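Hi,

Here is the structure I said I would pass on. Have a look, and my notes follow below.

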There are 2 protein chains.
Amino acid sequence: MKSTKLTDLLGIKYPIIQGGMVWVSGHKLASAVSNEGGLGVLGAGSMKPDLLRHHIKKCKNTTSKPFAVNIPIFSAYSEEQVKVIIEEKVPIVITSAGSPKKYTQLFKEVGIIVGHVVPSVALGQKCEQAGVDFVVVEGFEAGGHNGRDETTTMCLVPQMAQAIKIPFAAAGGIGHGSQILACLAMGADGVQIGTKFACSLESSAHINYKNEIIKATESHTALVLKDLMPVRIAKTQFYNDILEAEKSGKDLQEVLGKGRAKLGIFEGDLDQGELEFGQISGLLKNCLSVSSIFDQFIKEYNQAKEDL
Amino acid sequence: MKSTKLTDLLGIKYPIIQGGMVWVSGHKLASAVSNEGGLGVLGAGSMKPDLLRHHIKKCKNTTSKPFAVNIPIFSAYSEEQVKVIIEEKVPIVITSAGSPKKYTQLFKEVGIIVGHVVPSVALGQKCEQAGVDFVVVEGFEAGGHNGRDETTTMCLVPQMAQAIKIPFAAAGGIGHGSQILACLAMGADGVQIGTKFACSLESSAHINYKNEIIKATESHTALVLKDLMPVRIAKTQFYNDILEAEKSGKDLQEVLGKGRAKLGIFEGDLDQGELEFGQISGLLKNCLSVSSIFDQFIKEYNQAKEDL
């Protein structure tokens, strides 16, 4: 795969970022991705500060390549997580779910490269203005938390390519090497891939959750909680309960409760848990090692390029 | 641009189909697209059978290249339209919004090539089983009528490439030459493009509608009427009225009334009319001739290919 502004910036071989995912992307997944030449990302959203420090230390011991931490800014622990990241000299941070203004300067002052995840071109431009080094633009088809405008990856990528000068990765719906080529063709400098890695052997998710991804067809997920905080999840009993609560006007917070993502993704409860994954699950038919996933991506990418 | 199974099947130079669009794609647009080497398509959804015959005759007089007619199968006029198409020996038909089983064999018996528009991989497979010659698979980001599963173009294309053997075009969110290359990279045999042609000089739409496309940002459209018959439209007063009616439980049919698409698209009423166009409107910044659009696509496609 070709080098891009993003691979140069991050010091990685392939233009592939592994999405930071709660209950999925610990040190095993992140270091495996970095070792293969992509950017492994610890998903700090499900880690208290001490646990995050543990995963960072493990990553440092298991890869000599760059890796990153993803912090959802709205999290109650984000300030403490920022401290841990700076103390541990993590080379790259990807912030999300909050203003890029909040921590960007702080990280940059200590030499940390900063990316930010956005669901729209307008927010990509705000990142550039805030001094962010690179953007991850994520479409409607992505698993997990999502934007309100429902703009898809296909529409976001060429618009972002025209709107900003800093490098950006395309995210949402990507799980095949030909799609990496497609995103580069549309002007992205790389991709961020979630669901495919969530289903890898190195992912810390429960086997039930991985099997649910493999079983999924193209219509197995949907975006819910559009008025509260949009999130793409599998259509399970929990999903049905949300729809019913929305229709009947029940208190949503009561239906949602706490710990649903942990229950579904980490503990494997397919009825009552929240299973966050993306639309591209319909394409994924097996659970592979990160090394095999990279081999597959490279083969598919080269085949697609040859066929053009 | 490269030849594909689809350009071979249809006898066209470029793998570009112009979407059949109500109140937009009459003989002027369709023949201009065919003359440039794409597949021009008359949108019969807004034409009574006699008017359709008039447009077909005009097309025959203004292009010697293949062109097609798109028929929404659910339309009250579809049977009469089928008769007209057969009598006038139209070379290609694209059916939509109904079962591909209904007319496919009838058309094929008289040597007409049949395409069918679908919003899912599963329905693409049904088309193949029904003897359809090619499929147009349309993602969530497309303007106008849309599927219930909300699957995006990015996710549909690689899955369709694995699922069927007949040629298929990708539709939804495509308005830039680099995206044509991207869709071919992901395994499509061509693309169908709507909004960009709806905004062309040769489109029969009202100038107010074209200006609305040019003015649109990435978040200017939304999918509405999800429980009735999903359609992507611009966020106008009419759109707000629909949302309000859905919330308050009003009779939707009463709010919708009749002739809203004509009022918006053809007569240019931006408040009370229904403005069907796609998410990619955010990328479109001017109203060009079909000839200039093809020049642009070819230039953008080649540039993207060179940069890979």
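Predicted model: local features only at pLDDT ≥ 70, side-chain atom pairs only at ≥ 80, totals over all residues.

Residues are numbered from 1 along each chain as its sequence is written, while chains are lettered from A and ligands numbered from 1 in the order in which they are written.

Now the helix. In H10 (residues 207-215) of chain A, the buried ones are A:Tyr209, A:Lys210, A:Glu212 and A:Ile213. Buried stands for 20 or more other C-beta atoms within 10 Å of a residue's own, exposed for 12 or fewer, and partly exposed for in between, with C-beta atoms placed from the backbone. Helices (H or I, at least four residues) and strands (E, at least two) are DSSP runs, numbered from the N terminus.

Next, the domains. Chain A splits into domain 1 (5-204 + 285-307) and domain 2 (207-279), with bounds from an automatic or database domain assignment. Their centres, taken over C-alpha atoms, are 23 Å apart. Domain 1 of chain A puts 23 residues into the contact and domain 2 of chain A puts in 17, where contact requires C-beta atoms, placed from the backbone, within 7 Å. On the domain 1 side, strand E7 (144-145) and H9 of chain A are the elements giving two or more residues.

Finally, the two chains. A rotation of 180° with 0.0 Å of shift along its axis superposes chain B on chain A (RMSD 0.0 Å), by least squares on the C-alpha atoms of residues with pLDDT of at least 70 in both. That is the relation of a two-fold axis. In chain B, the C-alpha of B:Ala182 is nearest the axis, 2.0 Å from it. Both copies use the same surface, as 100% of the contact residues of chain B recur in chain A. Each chain contributes 35 residues to the contact, and H8(B) (177-185) gives the most on the chain B side, with six residues.

Cheers

Definitions and conventions: Contact = placed C-beta atoms within 7 Å.
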